[in-house]
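Hi everyone, thanks for coming. I'd like to walk you through one model today, so please have a look at it while I talk.

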Amino acid sequence: MAAGGRASGRPAKKKGPSKGAGGQGRRSLEGKGATPPAEMRHWYKDKARTERIAREDRGGTRRPAPARQRRSEDAPEYIGGRNPVLEALQAGVPSNALYVAQRIDNDDRVRDSIRIAAERGIALLEVSRDKLDRLSEGVVHQGIALQIPAYDYAHPSDLVELAQDAGEVPLIVALDSVTDPRNLGAIARSATAFGAHGLLIPSRRSAGVTGGAWKTSAGTLATMRVARAANLTAALREYREAGLFVIGLDGAGETDIGDVDLLAEPLVVVVGSEGKGLSRLVREHCDVVTRIPMQAAAESLNAGVAAGVALYEVARHRRL
(Lines give C-alpha, C1' and ligand atoms only; values in the text may rest on other atoms or scores of the structure.)
Protein backbone atom coordinates (compact mmCIF):
# COMPACT_ATOMS: atom_id res chain seq x y z
CA MET A 1 0.00 0.00 0.00
CA ALA A 2 1.46 3.26 -1.06
CA ALA A 3 2.04 5.85 1.58
CA GLY A 4 -0.34 8.80 1.25
CA GLY A 5 1.78 11.26 3.31
CA ARG A 6 4.53 11.63 5.91
CA ALA A 7 4.93 9.27 8.80
CA SER A 8 2.45 11.42 10.73
CA GLY A 9 -0.27 10.13 8.45
CA ARG A 10 -1.19 13.66 7.20
CA PRO A 11 -1.81 13.98 3.53
CA ALA A 12 1.15 15.43 1.49
CA LYS A 13 0.92 19.16 0.47
CA LYS A 14 1.52 20.32 -3.04
CA LYS A 15 4.71 22.38 -3.22
CA GLY A 16 4.07 25.88 -4.58
CA PRO A 17 5.84 29.26 -4.73
CA SER A 18 7.29 30.47 -1.37
CA LYS A 19 6.09 33.68 0.22
CA GLY A 20 8.44 36.61 -0.64
CA ALA A 21 9.61 39.65 1.37
CA GLY A 22 7.77 42.04 -0.90
CA GLY A 23 11.01 43.70 -2.09
CA GLN A 24 11.84 45.05 1.35
CA GLY A 25 15.45 43.76 1.24
CA ARG A 26 15.99 45.34 -2.14
CA ARG A 27 14.66 48.69 -1.03
CA SER A 28 16.90 48.70 2.06
CA LEU A 29 19.97 48.71 -0.21
CA GLU A 30 18.86 51.69 -2.25
CA GLY A 31 20.91 54.92 -1.92
CA LYS A 32 24.11 53.40 -0.53
CA GLY A 33 25.91 53.45 -3.87
CA ALA A 34 29.32 52.01 -4.61
CA THR A 35 31.82 51.20 -1.88
CA PRO A 36 33.86 54.40 -1.15
CA PRO A 37 37.62 54.35 -1.81
CA ALA A 38 39.98 54.05 1.15
CA GLU A 39 40.98 57.72 1.19
CA MET A 40 37.34 58.67 1.82
CA ARG A 41 36.93 56.50 4.89
CA HIS A 42 37.11 58.01 8.38
CA TRP A 43 40.10 55.95 9.49
CA TYR A 44 42.29 56.67 6.44
CA LYS A 45 44.12 59.79 7.65
CA ASP A 46 45.15 58.24 10.94
CA LYS A 47 46.32 55.10 9.20
CA ALA A 48 48.29 57.02 6.58
CA ARG A 49 49.94 59.15 9.28
CA THR A 50 50.88 56.06 11.28
CA GLU A 51 52.40 54.40 8.21
CA ARG A 52 54.36 57.55 7.32
CA ILE A 53 55.84 57.81 10.82
CA ALA A 54 56.75 54.12 10.70
CA ARG A 55 58.57 54.62 7.36
CA GLU A 56 60.52 57.53 8.78
CA ASP A 57 61.47 55.50 11.83
CA ARG A 58 62.81 52.80 9.53
CA GLY A 59 65.10 55.34 7.90
CA GLY A 60 62.89 56.82 5.23
CA THR A 61 62.98 60.50 4.41
CA ARG A 62 60.32 63.08 5.00
CA ARG A 63 58.50 64.56 2.07
CA PRO A 64 60.31 67.80 1.21
CA ALA A 65 58.56 70.97 2.28
CA PRO A 66 57.13 73.06 -0.53
CA ALA A 67 59.53 75.67 -1.82
CA ARG A 68 59.02 79.12 -0.41
CA GLN A 69 57.64 81.51 -2.96
CA ARG A 70 60.05 84.22 -4.03
CA ARG A 71 59.35 87.49 -2.28
CA SER A 72 58.20 90.31 -4.53
CA GLU A 73 60.63 93.23 -4.74
CA ASP A 74 57.94 95.67 -3.61
CA ALA A 75 56.84 93.51 -0.63
CA PRO A 76 57.43 94.93 2.87
CA GLU A 77 60.20 93.58 5.09
CA TYR A 78 60.19 92.82 8.81
CA ILE A 79 62.77 93.45 11.54
CA GLY A 80 62.39 91.15 14.55
CA GLY A 81 63.94 91.33 18.02
CA ARG A 82 63.73 93.87 20.82
CA ASN A 83 67.13 95.49 20.34
CA PRO A 84 67.00 95.64 16.51
CA VAL A 85 63.45 97.05 16.53
CA LEU A 86 64.32 99.72 19.08
CA GLU A 87 67.53 100.66 17.22
CA ALA A 88 65.62 100.90 13.94
CA LEU A 89 62.99 103.15 15.47
CA GLN A 90 65.60 105.34 17.16
CA ALA A 91 67.48 105.65 13.84
CA GLY A 92 64.34 106.78 12.05
CA VAL A 93 64.06 103.78 9.76
CA PRO A 94 60.93 104.21 7.58
CA SER A 95 58.25 101.98 9.12
CA ASN A 96 54.66 101.03 8.41
CA ALA A 97 53.58 99.14 11.53
CA LEU A 98 54.82 97.79 14.85
CA TYR A 99 53.60 94.27 15.73
CA VAL A 100 53.54 93.29 19.40
CA ALA A 101 52.67 89.81 20.66
CA GLN A 102 49.68 89.33 22.92
CA ARG A 103 50.54 89.07 26.64
CA ILE A 104 54.14 90.05 25.94
CA ASP A 105 56.51 90.36 28.89
CA ASN A 106 57.18 94.10 28.72
CA ASP A 107 60.58 95.59 29.42
CA ASP A 108 62.14 99.01 28.76
CA ARG A 109 62.91 98.14 25.13
CA VAL A 110 59.32 97.18 24.36
CA ARG A 111 57.93 100.24 26.14
CA ASP A 112 60.37 102.57 24.36
CA SER A 113 59.55 101.00 20.99
CA ILE A 114 55.82 101.49 21.56
CA ARG A 115 56.38 105.08 22.69
CA ILE A 116 58.54 105.99 19.66
CA ALA A 117 56.09 104.29 17.28
CA ALA A 118 53.22 106.30 18.79
CA GLU A 119 55.17 109.56 18.51
CA ARG A 120 55.96 108.86 14.84
CA GLY A 121 52.40 107.85 14.01
CA ILE A 122 53.34 104.24 13.22
CA ALA A 123 50.43 101.80 13.44
CA LEU A 124 50.53 99.58 16.54
CA LEU A 125 49.07 96.09 16.13
CA GLU A 126 48.65 93.39 18.78
CA VAL A 127 48.90 89.93 17.20
CA SER A 128 49.44 86.31 18.16
CA ARG A 129 52.91 84.81 18.34
CA ASP A 130 52.00 82.46 15.49
CA LYS A 131 51.47 85.45 13.21
CA LEU A 132 54.75 86.96 14.33
CA ASP A 133 56.46 83.66 13.48
CA ARG A 134 55.02 83.83 9.97
CA LEU A 135 55.90 87.47 9.46
CA SER A 136 59.47 87.07 10.65
CA GLU A 137 59.92 83.81 8.68
CA GLY A 138 61.42 81.90 11.59
CA VAL A 139 63.77 84.64 12.79
CA VAL A 140 63.80 85.14 16.57
CA HIS A 141 61.48 88.11 17.17
CA GLN A 142 61.14 88.12 21.00
CA GLY A 143 57.50 89.09 20.66
CA ILE A 144 57.98 92.26 18.62
CA ALA A 145 58.50 93.03 14.92
CA LEU A 146 58.66 96.17 12.80
CA GLN A 147 57.29 96.29 9.27
CA ILE A 148 59.35 98.40 6.90
CA PRO A 149 58.49 99.29 3.29
CA ALA A 150 60.44 97.96 0.34
CA TYR A 151 63.75 99.80 -0.04
CA ASP A 152 63.95 102.63 -2.57
CA TYR A 153 67.27 102.04 -4.31
CA ALA A 154 69.31 104.91 -5.71
CA HIS A 155 70.89 105.11 -9.16
CA PRO A 156 74.68 104.47 -9.26
CA SER A 157 75.35 108.04 -10.39
CA ASP A 158 73.47 109.38 -7.36
CA LEU A 159 76.28 108.21 -5.09
CA VAL A 160 78.84 110.38 -6.88
CA GLU A 161 76.48 113.35 -6.72
CA LEU A 162 76.14 112.88 -2.94
CA ALA A 163 79.91 113.25 -2.54
CA GLN A 164 80.06 116.24 -4.87
CA ASP A 165 77.21 117.99 -3.05
CA ALA A 166 79.09 117.47 0.24
CA GLY A 167 82.31 118.77 -1.30
CA GLU A 168 84.12 115.53 -0.48
CA VAL A 169 86.27 113.05 -2.37
CA PRO A 170 83.94 110.23 -3.48
CA LEU A 171 84.22 106.88 -1.69
CA ILE A 172 81.85 104.13 -2.84
CA VAL A 173 81.74 100.50 -1.75
CA ALA A 174 80.63 97.94 -4.36
CA LEU A 175 79.64 94.37 -3.51
CA ASP A 176 80.41 91.56 -5.94
CA SER A 177 78.40 88.35 -5.32
CA VAL A 178 77.86 89.07 -1.62
CA THR A 179 74.65 87.11 -1.03
CA ASP A 180 74.26 87.24 2.76
CA PRO A 181 72.09 90.22 3.86
CA ARG A 182 73.94 90.25 7.18
CA ASN A 183 77.19 90.97 5.36
CA LEU A 184 75.50 93.82 3.51
CA GLY A 185 74.31 95.24 6.82
CA ALA A 186 77.75 94.89 8.40
CA ILE A 187 79.40 96.58 5.39
CA ALA A 188 76.85 99.42 5.60
CA ARG A 189 77.81 99.89 9.24
CA SER A 190 81.54 100.05 8.41
CA ALA A 191 80.90 102.30 5.41
CA THR A 192 79.03 104.75 7.62
CA ALA A 193 81.77 104.69 10.25
CA PHE A 194 84.56 105.46 7.75
CA GLY A 195 82.86 108.08 5.62
CA ALA A 196 81.71 106.24 2.50
CA HIS A 197 79.03 107.91 0.38
CA GLY A 198 77.09 104.81 -0.59
CA LEU A 199 76.96 101.14 -1.46
CA LEU A 200 76.55 99.65 -4.92
CA ILE A 201 75.05 96.19 -5.42
CA PRO A 202 74.05 94.28 -8.56
CA SER A 203 70.36 93.55 -9.06
CA ARG A 204 70.97 89.81 -9.51
CA ARG A 205 72.80 87.20 -7.40
CA SER A 206 73.33 89.65 -4.57
CA ALA A 207 71.90 90.39 -1.16
CA GLY A 208 69.42 93.25 -1.02
CA VAL A 209 68.28 95.62 1.68
CA THR A 210 66.10 93.17 3.59
CA GLY A 211 65.05 92.92 7.21
CA GLY A 212 68.21 90.95 7.95
CA ALA A 213 70.38 93.70 6.46
CA TRP A 214 68.53 96.39 8.43
CA LYS A 215 68.99 94.38 11.61
CA THR A 216 72.75 93.92 11.17
CA SER A 217 73.31 97.51 10.10
CA ALA A 218 72.05 98.74 13.50
CA GLY A 219 70.05 101.47 11.76
CA THR A 220 72.90 102.84 9.60
CA LEU A 221 71.03 101.94 6.41
CA ALA A 222 68.68 104.80 7.28
CA THR A 223 71.47 107.22 6.25
CA MET A 224 73.71 105.10 4.00
CA ARG A 225 72.34 105.14 0.45
CA VAL A 226 72.35 101.89 -1.52
CA ALA A 227 72.29 101.92 -5.30
CA ARG A 228 71.50 98.97 -7.51
CA ALA A 229 72.90 98.33 -10.98
CA ALA A 230 71.55 95.97 -13.61
CA ASN A 231 75.17 95.25 -14.62
CA LEU A 232 77.91 95.73 -12.04
CA THR A 233 80.79 95.78 -14.53
CA ALA A 234 79.03 98.40 -16.66
CA ALA A 235 78.50 100.56 -13.57
CA LEU A 236 82.19 100.23 -12.65
CA ARG A 237 83.16 101.23 -16.18
CA GLU A 238 80.98 104.35 -15.90
CA TYR A 239 82.58 105.22 -12.57
CA ARG A 240 86.03 104.99 -14.17
CA GLU A 241 84.90 107.22 -17.01
CA ALA A 242 83.72 109.72 -14.38
CA GLY A 243 87.23 109.87 -12.88
CA LEU A 244 86.99 107.32 -10.06
CA PHE A 245 89.58 104.60 -9.48
CA VAL A 246 88.38 101.04 -8.84
CA ILE A 247 90.19 98.92 -6.27
CA GLY A 248 89.28 95.25 -5.93
CA LEU A 249 89.61 93.54 -2.55
CA ASP A 250 90.60 89.91 -2.96
CA GLY A 251 92.71 87.40 -1.05
CA ALA A 252 94.56 86.61 -4.28
CA GLY A 253 95.65 90.22 -4.80
CA GLU A 254 99.34 90.98 -5.18
CA THR A 255 99.44 94.37 -3.40
CA ASP A 256 98.76 95.00 0.28
CA ILE A 257 95.97 97.47 0.93
CA GLY A 258 98.30 99.76 2.89
CA ASP A 259 100.72 100.04 -0.07
CA VAL A 260 98.13 101.23 -2.62
CA ASP A 261 98.84 104.87 -3.55
CA LEU A 262 95.29 105.61 -4.77
CA LEU A 263 93.46 105.56 -1.43
CA ALA A 264 93.18 109.35 -1.20
CA GLU A 265 91.76 109.61 -4.73
CA PRO A 266 88.09 109.34 -5.81
CA LEU A 267 87.58 105.67 -5.16
CA VAL A 268 85.37 102.61 -5.55
CA VAL A 269 86.29 99.69 -3.26
CA VAL A 270 84.91 96.40 -4.59
CA VAL A 271 84.41 93.66 -2.01
CA GLY A 272 84.21 90.09 -3.29
CA SER A 273 82.38 87.19 -1.68
CA GLU A 274 84.07 85.08 0.95
CA GLY A 275 85.68 82.06 -0.68
CA LYS A 276 85.08 82.94 -4.35
CA GLY A 277 86.47 86.46 -4.18
CA LEU A 278 86.03 88.75 -7.17
CA SER A 279 84.47 87.47 -10.37
CA ARG A 280 86.61 87.48 -13.49
CA LEU A 281 84.80 90.34 -15.24
CA VAL A 282 84.86 92.55 -12.16
CA ARG A 283 88.56 91.85 -11.66
CA GLU A 284 89.23 92.97 -15.24
CA HIS A 285 87.56 96.33 -14.53
CA CYS A 286 89.71 97.06 -11.46
CA ASP A 287 92.68 99.43 -11.58
CA VAL A 288 94.29 97.54 -8.70
CA VAL A 289 93.49 94.22 -7.01
CA THR A 290 94.65 94.38 -3.41
CA ARG A 291 94.69 92.12 -0.38
CA ILE A 292 94.66 92.41 3.40
CA PRO A 293 97.89 90.99 4.87
CA MET A 294 97.25 88.43 7.61
CA GLN A 295 98.65 85.30 9.19
CA ALA A 296 98.76 82.15 7.08
CA ALA A 297 96.52 80.31 9.56
CA ALA A 298 93.57 82.49 8.45
CA GLU A 299 92.76 81.76 4.83
CA SER A 300 90.21 84.55 4.42
CA LEU A 301 88.07 87.10 6.23
CA ASN A 302 84.35 87.49 6.30
CA ALA A 303 83.25 90.02 3.64
CA GLY A 304 81.95 92.41 6.28
CA VAL A 305 85.17 92.27 8.30
CA ALA A 306 87.35 92.65 5.20
CA ALA A 307 85.39 95.71 4.08
CA GLY A 308 85.82 97.28 7.52
CA VAL A 309 89.59 96.77 7.49
CA ALA A 310 89.95 98.18 3.97
CA LEU A 311 87.75 101.21 4.67
CA TYR A 312 89.72 101.97 7.83
CA GLU A 313 92.91 101.99 5.76
CA VAL A 314 91.31 104.32 3.22
CA ALA A 315 90.14 106.69 5.97
CA ARG A 316 93.62 106.65 7.56
CA HIS A 317 95.31 107.62 4.29
CA ARG A 318 92.82 110.43 3.73
CA ARG A 319 93.61 111.93 7.13
CA LEU A 320 97.36 112.11 6.36
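I'll go through the sheet, then strand 5, then A229, and finish with the aromatic rings.

A word on the ground rules. This is a predicted model, with local features needing pLDDT of at least 70, side-chain atom pairs counting only at pLDDT 80 or more, and totals for chains, interfaces and linings using all residues. Residues are numbered from 1 along each chain as its sequence is written, and side-chain values use heavy atoms, with hydrogens and water left out.

Let's start with the sheet. Helices and strands here are DSSP runs, numbered from the N terminus: H or I with at least four residues for helices, E with at least two for strands. Two strands pair if DSSP finds at least two bridges between them. In what order do the strands of the open sheet run? Four strands form it in the order 1-4-2-3, and the pairing is mixed. Strand 1 (77–80) and strand 3 stand at the edges with a single partner strand each, so one side of each has no neighbour in the sheet. On average, neighbouring strands here are turned by 25° against each other, direction ignored; the axes behind such angles are lines fitted to C-alpha atoms, for helices over the stretch in contact, and angles run from 0 to 180 degrees between N-to-C directions.

Now look at strand 2 (residues 97–101) and strand 3 (residues 123–127), which pair in the parallel sense over five bridges. In strand 3, L124 is the bridge partner of L98, and L125 is that of Y99.

Helix 3 (residues 82–90) touches strand 1, strand 2 and strand 4 (144–148), and its direction makes about 40° with that of strand 4. Helix 4 touches strand 2, strand 3 and strand 4, at about 150° to the direction of strand 2. Right-handed means that, with the strands pointing away from the viewer, the path from the first strand over the helix to the second runs clockwise.

On to strand 5 (residues 171–176). Are its residues buried or exposed? Six of its six residues are buried, where buried means under 20% relative accessible area, exposed over 50% and partly exposed in between, with a 1.4 Å probe and protein chains only. In a regular strand the side chains alternate between the two faces of the sheet. Here, L171, V173 and L175 point one way, while I172, A174 and D176 point the other.

Strand 5 pairs in the parallel sense with strand 10 (residues 267–272) over six bridges, with V270 as the partner of A174. Strand 5, helix 7 and strand 6 make a right-handed β-α-β unit.

Next, please find A229 in strand 7 (residues 226–229). A229 is buried, with a relative accessible area of 5%. Which residues does A229 contact, leaving aside its neighbours within four places in sequence? They are P156, L200, I201, P202, S203 and A235. The C-alpha atoms of A229 and P156 are 6.6 Å apart, although 73 residues separate the two along the chain. A235, in helix 9 (residues 232–241), is buried, as are L232, T233, A234, L236 and Y239. Just after helix 9, G243 takes a positive phi of about 100°.

Finally, the rings. Rings of Phe, Tyr and Trp (its six-membered ring) pair if their centres lie within 6.5 Å; planes under 30 degrees apart are stacked, over 60 edge-to-face, and the rest tilted. How many aromatic pairs does the structure hold? Four. One of them is Y151 with Y153, edge-to-face at 4.9 Å centre to centre and 70° between the planes. Another is F194 with Y312, also edge-to-face, at 6.0 Å and 70°. F194 lies in the loop between helix 7 (181–193) and strand 6 (198–202), and Y312 in helix 11 (residues 303–319), so this pair ties together parts 118 residues apart in sequence. Y151, Y153 and W214 form one aromatic cluster.

Note on methods: Contact means heavy atoms within 4.5 Å.
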